[in-house]
Amino acid sequence: MGLDVDLFVSDKDGLSEFVCSICLDVSRPPVVFPCEAEHVFCADCVRNVKECPSDRQPRGNNASTPLKGALLRTYNNLKLKCSNGCDGWTGSLGDLDSHLASRCRLSVVVCLHEGCGQKITRESMDTHARTCNHRIVACPYCNDDMKRASLTDHVSFVCPSVLVECPRAGASCSRLPRRQMNQHMEHEHVEVECSWADFGCTHRCARSKLETHETDNRALAQHMRLVQGPLRSLRNAAALLPLGHPLDDMLYFSVQNNTH
């Protein structure tokens with residue numbers, strides 16, 4: 001298929017030698033058939049033709065050839081409108097490909113965002129580019145780059161800078177950056193045992209409240225009561241040791257340290 005004759009603004013008589021007699025369009029790309037009259041056809045139209053469609057002269061072993069010289073210049077200087085139908089362009093046939101490839105607003109182009117591949121007219125590409133899911137965007141919270149399609153999940157589940165609610169049910173904690181939440185949970189909500197647990201204290205509380213418990217006067221009194229039994233046992237054991245026994249000094253200092 002060539003170019004519709006109605007696209008051309010040149011003298012119609014001047015087009016006649018370039019009109020393909022098979023598709024009846026102006027030949028594109030044009031080739032000269034190996035006949036004595038050198039008739040011009042579309043390359044695709046005569047690719048497998050054995051004789052000239054205009055004069056039935058056999059091709060033989062000869063191939064069709066591209067236009068050249070004065071014939072090519074005449075062809076390239078034919079004036080026509082844009083084959084896509086865009087307004088405002090009329091030019092030489094030799095400039096048509098450049099116009100279609102780089103300027104025509106109705107030419108179909110491929111989105112340049114990696115992984116997209118959508119084909120769309122050039123005039124619609126700016127709108128598509130702004131909403132293309134393959135466009136690289138920066139997270140508004142952490143500024144990491146990612147595809148637009150990934151941004152929602154990144155913000156909802158991954159971004160370390162987004163402020164999130166404490167997952168502890170019923171907690172009245174302030175929202176914190178996601179990167180700090182594990183530390184917050186460990187410090188505020190993971191229960192730990194009292195440092196005096198080995199002596200029998202059964203109190204458990206969040207790590208952040210442990211110091212308050214251990215410095216509370218009532219808790220201190222309880223801890224002293226809990227340690228009295230083991231201290232009496234140490235004193236009794238020390239009293240049974242021979243004078244000068246190596247363990248005597250160790251037990252003595254242990255008792256002294258736990259009573260002061």
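Let's start in a loop: Asn143 sits between β8 (136-138) and β9 (145-147), with helices (H or I, at least four residues) and strands (E, at least two) taken as DSSP runs numbered from the N terminus. This is a predicted model, in which local features need pLDDT of at least 70 and side-chain atom pairs count only at pLDDT 80 or more, while totals for chains, interfaces and linings use all residues. Residues are numbered from 1 along each chain as its sequence is written, and side-chain values use heavy atoms, with hydrogens and water left out.

**Backbone points to check**

- Asn143 has a positive phi, near 70 degrees, in a residue other than glycine.
- Asn143 is also exposed, at 58% relative accessible area; here buried means under 20%, exposed over 50%, and partly exposed in between (1.4 Å probe, protein chains only).
- Glu38 is not a glycine either, yet its phi is positive at about 55 degrees.
- You will find Glu38 in the loop between β1 and β2 (40-42), where its relative accessibility of 52% makes it exposed.
- Between Arg28 and Pro29 the peptide bond is cis, with omega near -15 degrees.
- Pro29 belongs to the loop between α1 and β1.

**Salt bridges**

- Searching the whole structure gives eight salt bridges, each defined as a side-chain nitrogen of Lys or Arg within 4 Å of a carboxyl oxygen of Asp or Glu.
- One of them joins Glu51 to Arg56, with the closest N and O atoms 3.5 Å apart.
- In that pair, Glu51 is partly exposed at 34% relative accessible area, whereas Arg56 is exposed at 53%.
- Another salt bridge brings Arg105 and Glu123 together at 2.7 Å, N to O.
- Arg105 is in the loop between α3 (93-102) and β6 (108-110) and Glu123 is in helix α4 (residues 122-131), so this pair ties together parts 18 residues apart in sequence.
- Both partners count as partly exposed: Arg105 has a relative accessibility of 33% and Glu123 one of 45%.
- Asp87 joins Arg105 and Glu123 in a network of salt bridges.
- Glu191 and Arg204 meet through their side chains in a salt bridge of 3.8 Å, N to O.
- Because Glu191 lies in strand β12 (residues 191-193) and Arg204 in strand β13 (residues 204-206), their contact ties together parts 13 residues apart in sequence.
- Glu191 is partly exposed at 45% relative accessible area, and Arg204 is partly exposed at 44%.

**Aromatic pairs**

- The count comes to three aromatic pairs, using rings of Phe, Tyr and Trp (its six-membered ring) whose centres lie within 6.5 Å; planes under 30 degrees apart are stacked, over 60 edge-to-face and the rest tilted.
- Among them is the edge-to-face pair of Phe18 and Tyr75, at 5.4 Å centre to centre and 65 degrees between the planes.
- Phe18 lies in the loop between α1 (12-15) and β1 (30-32) and Tyr75 in helix α2 (residues 69-76), so the pair ties together parts 57 residues apart in sequence.
- Trp196 and Phe199 make a tilted pair, with 5.6 Å between centres and 45 degrees between planes.
- Trp196 is partly exposed at 24% relative accessible area, and Phe199 is partly exposed at 34%.
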